[in-house]
Amino acid sequence: MFDCRHCHNEYKNNINVDQKLRHEIPRHKVERVICSLCDKEQEVRQVCINCGVCMGRYFCETCKLFDDDTSKRQYHCNGCGICRIGGMENFFHCPKCRCCYSVLLRNSHPCVEGAMHHDCPVCFEYLFESINDVTVMPCGHTIHKNCLKEMQEHYQYACPLCSKSVCDMSKVWEKFDMEIAATPMPEPYQDKKVWILCNDCGITSEVQFHFVAQKCPCCKSYNTRQTRGR
């Protein structure tokens, strides 16, 4: 018997469990619970009908969620259909992204249809129901905060989904400018032109070829890819 749905799901989906036996509890279909104190089986409720103990100071009848630690400031979001933490007043539900964001992003986040209804592009955990912190990249795609941090620690600064830069790269581009200026191309390549696609602004341009990198003439980003030569 498990006292916690998350504990059950983690145990039953362990890599050591036969793949055919792996499963999760469908939270909204839970109809009966057992009191951990007196072992009385009963319909889902906050207070035990037998011993009167409060099974959770926070209780959501929709999600069948019990939790004594109210410092998490749990709340149920009708738009998401699940409970979240952090205080209802600090979040808003975006109907297009179909998830909750900090109120700080109300007028600035780029909307992406079903932004969190997919797996993390790094660890592949389903983001919508993840209990780990999720962050929104400038492009609007979502990722675990720790996964993004790990990417940056390995010098990966582009979104794994769309390749747009995930942070301000202007200082890095300045270093590219200096390196290119200090590295003249050999004579056979001095007039070589190539076509590039900028991952940051999406513009296609014909530019001077260089071994180090190609700079987008529109947004000045070096986050580009060569599409064809001249």
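Author: Let's start with a word we'll need a lot: a residue is buried when its relative accessible area is under 20%, and exposed when that area is over 50%. Keep in mind that this is a predicted model.

Reader: Okay, why is Phe-209 called buried?

Author: Its relative accessible area is 12%. The limit is under 20%, so Phe-209 counts as buried.

Reader: And what makes Phe-211 buried or exposed?

Author: Phe-211 comes out at 52% relative accessibility. Exposed begins over 50%, so Phe-211 is called exposed.

Reader: How do you know whether the rings of Phe-209 and Phe-211 are a pair, and of what kind?

Author: Two values settle that: a pair of aromatic rings is described by the distance of the centres and the angle of the planes. The structure holds ten aromatic pairs. In the one formed by Phe-209 and Phe-211, the centres are 5.5 Å apart and the planes stand at 85°. Centres have to lie within 6.5 Å, and an angle over 60 degrees counts as edge-to-face, so this pair is edge-to-face.

Reader: What about Phe-92 and Tyr-101, why is that pair called tilted?

Author: Their ring centres are 6.3 Å apart, with the planes at 55°. Stacked needs an angle under 30 degrees and edge-to-face one over 60, so 55° leaves tilted. Phe-92 and Tyr-101 are both buried, by the way. Rings also join up elsewhere: Trp-173, Phe-176 and Tyr-222 are linked into a cluster by ring pairs.

Reader: What does Tyr-101 touch, leaving out residues up to four places away in sequence?

Author: Its contacts include Phe-91, Phe-92, Cys-94, His-109, Ala-115 and Val-136. Tyr-101 is also among the residues with the most contacts inside the largest nonpolar core, which has 18 residues. Cys-80, Cys-97, Cys-99, Ala-115 and Phe-128 are listed there too.

Reader: Which strand gives this core its largest share?

Author: That's β8, with three residues. Another core, of ten residues, lies apart from this one; Leu-127, Met-137, Cys-139 and Cys-147 are among its members.

Reader: What makes β7 and β8 a pair of strands?

Author: Four bridges join β7 (residues 91-94) to β8 (residues 99-102). At least two are needed, so the two strands pair, and they run antiparallel. Phe-91 stands opposite Ser-102 of β8. The hairpin has four residues between its strands, and Arg-98 takes a positive phi near 60° there.

Reader: Why does Cys-83 count as buried?

Author: It has 15% relative accessibility. That is under 20%, so Cys-83 counts as buried.

Reader: Last one: why is Glu-206 called partly exposed?

Author: Glu-206 sits in strand β12 (residues 204-208). Its relative accessibility is 38%. Buried would need under 20% and exposed over 50%, so Glu-206 falls in between and is called partly exposed.

Key. Residues numbered from 1 in each chain as written. Predicted model: local features only at pLDDT ≥ 70, side-chain atom pairs only at ≥ 80, totals over all residues. Heavy atoms only, no water. Buried < 20%, exposed > 50% of the residue type's maximum accessible area, 1.4 Å probe, protein only. Core = buried A, V, L, I, M, F, W, Y, C linked by side-chain atoms within 4.5 Å. Contact = heavy atoms within 4.5 Å. Phe/Tyr/Trp six-rings, centres within 6.5 Å; stacked < 30°, edge-to-face > 60°.
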